[in-house]
Amino acid sequence: MKWTWACTGLLWVLAGCGTSREAFRPNPNDEDPLVGSVPVVRAPYKDRCAQHGTSSVRNTCDEARYLATEYTRRLSVGDEVCLEGGYGDEPGQACKARAAVIDTAPNQVKLEVRTAKPDSRWFRAEMRHAWYEEGALVDLYLAERGY
């Protein structure tokens with residue numbers, strides 16, 4: 001009988017903890033993998049610089065890859081990046097889509113698209129989150145520079 005009363009009392013206490021107004025408001029930063037998982041943009045399997053073989057373009061591509069890797073590794077929470085029209089540079093007038101770093105993990109950066117111009121491919125993706133592997137952002141840098 002004591003067990004029943006103890007369990008009933010515990011249930012009442014737990015029920016009372018969740019009845020506040022805040023308990024029913026969803027947390028926008030809470031990413032439940034069962035309801036809405038955040039997509040992960042993977043690095044490409046092939047390196048863009050490898051396609052140039054032993055040509056003179058290969059050296060400049062390798063240098064650009066090094067710069068992109070350093071830039072991507074130094075990103076931290078709160079930094080703004082340009083996703084289209086100048087990844088690796090300060091987001092300026094030429095930037096068609098701006099994003100902010102909202103989280104970091106080993107070999108990954110979580111970006112949130114903040115603003116996008118109507119002619120950008122990111123126009124319908126504002127306020128969306130995605131994890132980007134380091135190699136995917138490096139590949140974006142190389143693609144924008146024509147490698």
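**Exercise 1.** Is tyrosine 87 buried or exposed? Work from the predicted model above.

*Solution.* Start with the relative accessible area of tyrosine 87, which is 0%. Buried means under 20%, so tyrosine 87 is buried.

**Exercise 2.** Classify the aromatic pair that tyrosine 87 forms with tyrosine 71.

*Solution.* A search of the whole structure turns up 1 aromatic pair. Its rings, those of tyrosine 71 and tyrosine 87, lie 5.3 Å apart centre to centre, with 85 degrees between the planes. Planes over 60 degrees apart count as edge-to-face, and that is the class of this pair. Finally, check tyrosine 71, which is partly exposed at 23% relative accessible area.

**Exercise 3.** Work out the handedness of the disulfide between cysteine 82 and cysteine 95.

*Solution.* First find the bond: the two sulfur atoms are 2.2 Å apart. The torsion about the S-S bond is about 115 degrees, so this disulfide is right-handed. Then locate its ends: cysteine 82 sits in strand β2 and cysteine 95 in the loop between β2 and β3, 13 residues apart. Cysteine 82 is buried at 1% relative accessible area, and cysteine 95 is buried at 4%.

**Exercise 4.** Describe the surroundings and pairing of strand β2.

*Solution.* Take burial to begin with: 4 of the 5 residues in β2 (residues 80-84) are buried, so the strand is largely enclosed by the rest of the structure. Now look at its partner, β3 (residues 97-105), which pairs with β2 in the antiparallel sense over 4 bridges. In this pairing, glutamate 84 stands opposite alanine 97 of β3.

Methods:
Residues are numbered from 1 along each chain as its sequence is written. This is a predicted model: local features need pLDDT of at least 70, side-chain atom pairs count only at pLDDT 80 or more; totals for chains, interfaces and linings use all residues. Side-chain values use heavy atoms; hydrogens and water are left out. Buried means under 20% relative accessible area, exposed over 50%, partly exposed in between (1.4 Å probe, protein chains only). Helices (H or I, at least four residues) and strands (E, at least two) are DSSP runs, numbered from the N terminus. Two strands pair if DSSP finds at least two bridges between them. Rings of Phe, Tyr and Trp (its six-membered ring) pair if their centres lie within 6.5 Å; planes under 30 degrees apart count as stacked, over 60 as edge-to-face and the rest as tilted. A disulfide is a pair of cysteine sulfur atoms within 2.5 Å.
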